[in-house]
Amino acid sequence: MAGRPKAELVLSAAEKEQLHAWARRRKTAQALALRSRIVLECAGGAENKAVAVKLAVTRQTVSKWRARFVHMRLDGLLDAPRSGAPRTIDDARVDVVIAKTLEEQPSNATHWSTRAMAREAKLSQTAVSRIWRAFGLQPHRQETFKLSTDPLFVEKTRDIVGLYLDPPLKAMVLCVDEKSQIQALDRTQPILPLAPGVPERRTHDYQRHGTTTLFAALDIATGEVIGQLHRRHRSSEFLKFLRTIEASVPNDLDIHLVMDNYGTHKTPTIRNWFARHPRFHVHFTPTSASWLNQVERWFATLTEKQIRRGTHRSTRQLEDAIRHYLKLNNADPKPFVWTKSADDILASIERFCLRISNSGQ
């Protein structure tokens, strides 16, 4: 028994091209891609049953989208707008919330909270939270910055970044600095250990047991660190560290040191020592630009993994912990990968300067 006659399905060249595009394009919604394939199979002369088997759908699905296409052509394959509750907050009220957040501050605080803004704008706290998330506003957060005023900032930046991206041949590039005043701290009462559902707990107060200073030189090529501990950080201790570097680096390699402008790095004694050791080449970072020195990032990792939550009952115990961390680091070193060129850095700083110069403050 023959079924109901089906309307003829003939595609124009433009329709065929669009259907193939929807069926193949990876970013097309999968439902639209399936509908496009159904229509293409039907246009090729296949019966609804055969199309359903080939595309693993029901005959009713094939019949529905075939009929929709015949009646509405390409528009018939698109989803109709979904019904839903109308917006209760119009664009004007959203603009008011954004303007107040950016341009005003509450009378009793330095920044807006969701509750304070909700009271001011006569909205719910949830609505304010959604608006802030949509526009990336976070009034509770604050970051710090400091721009270098070094007159040779551009030249020094290009010099140091050039060392990172294209190190010289037959040379070792070392990022050198000292982490001073590392405190040996112990809590006044025993630490309560981590337990299921309960974080580690410790007293807020502590006992000081002295300080130490870590002199470190990070090899940018391998991630290995030459480290030396001293109780003080004068130029005499720094000179001892330079001699340690000299003894640690093979004699056939030049040594390029990236250092900051700390006073102990520039005393007459240190300058004279460098003059007597010509294989040392010193590259000073711009003032207020310690982020150019990669060893600072290594210091941050040391603090996070070993010092901040550590408890040390003596300076010697603290120094032993740091030496242990140095040993582990050098057993499996991992260098930092510098990716930004000097031009990228300078362009980023230029954009930032334009922003703060136009901020109205």
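**Salt bridges, core and domains of the predicted model**

A salt bridge joins the side chains of Arg231 and Glu319, with an N to O distance of 2.8 Å; the term denotes a side-chain nitrogen of Lys or Arg within 4 Å of a carboxyl oxygen of Asp or Glu. Arg231 is placed in the loop between S3 and helix H9 (235-248) and Glu319 in helix H12, so the pair ties together parts that are 88 residues apart in sequence. Helices (H or I, at least four residues) and strands (E, at least two) are DSSP runs, numbered from the N terminus. Arg231 is partly exposed at 47% relative accessibility, whereas Glu319 is buried at 6%. In these assignments, buried means under 20% relative accessible area, exposed over 50%, and partly exposed in between (1.4 Å probe, protein chains only).

The structure is a predicted model, in which local features need pLDDT of at least 70 and side-chain atom pairs count only at pLDDT 80 or more, while totals for chains, interfaces and linings use all residues. Residues are numbered from 1 along each chain as its sequence is written, and side-chain values use heavy atoms, with hydrogens and water left out.

In total, the structure holds 14 salt bridges. One of them pairs the side chains of Asp150 and Lys156 at 2.8 Å, N to O. Asp150 is buried, at 11% relative accessibility, and Lys156 is likewise classed as buried, with a relative accessible area of 18%. Within helix H12, Arg323 and Asp320 lie 3 residues apart, about one turn of the helix. These two residues form a salt bridge whose closest N and O atoms are 3.5 Å apart. Arg323 is partly exposed at 43% relative accessibility, and Asp320 is partly exposed at 43%. A network of salt bridges links Lys100, Glu104 and Glu120.

The largest nonpolar core contains 23 residues, of which Cys175, Leu214, Ala216, Val258, Trp298 and Ile322 touch the most other members. Such a core is a set of buried Ala, Val, Leu, Ile, Met, Phe, Trp, Tyr and Cys residues joined through side-chain atoms within 4.5 Å. At least two residues of this core come from each of H8, strand S1 (171-187), strand S2 (206-219), strand S3 (225-230), helix H11 (295-307) and helix H12 (315-331). The greatest contribution is that of H11, with 5 residues.

Cys175 is buried, with a relative accessible area of 0%, whereas Cys353 is partly exposed at 31% relative accessibility. The structure holds 0 disulfides, a disulfide being a pair of cysteine sulfur atoms within 2.5 Å.

The domain assignment gives domain 1 (13-77), domain 2 (91-135) and domain 3 (152-190 + 205-352); domain bounds of this kind come from an automatic or database domain assignment. Domain 2 and domain 3 have C-alpha centres that lie 45 Å apart.

Phe145 occupies the loop between helix H7 (125-134) and helix H8 (153-165). Phe145 is exposed, at 53% relative accessibility. Together with Leu147 and Ile356, Phe145 forms a nonpolar surface patch with about 260 Å² of accessible area. Patches are made of residues with over 30% relative accessible area and no salt bridge, like charges being joined within 9 Å and nonpolar side chains (Val, Leu, Ile, Met, Phe, Trp, Tyr) within 5 Å. Accessible areas come from the Shrake-Rupley method with a 1.4 Å probe, and for residues only the protein chains shown count as cover.

A contrast in burial is provided by Ala289, which is buried at 1% relative accessibility and is found in the loop between strand S5 (280-284) and H11. The C-alpha atom of Ala289 is separated by 6.3 Å from that of Ser148, although the two residues are 141 residues apart along the chain.

Most residues other than glycine have a negative phi. Arg73 has a positive phi near 60 degrees. Arg73 lies in the loop between helix H4 (59-72) and helix H5 (91-103) and is partly exposed, with a relative accessible area of 27%. Gln181, which is not a glycine, also has a positive phi, of about 55 degrees. Gln181 is located in strand S1 and is partly exposed, with a relative accessible area of 49%.
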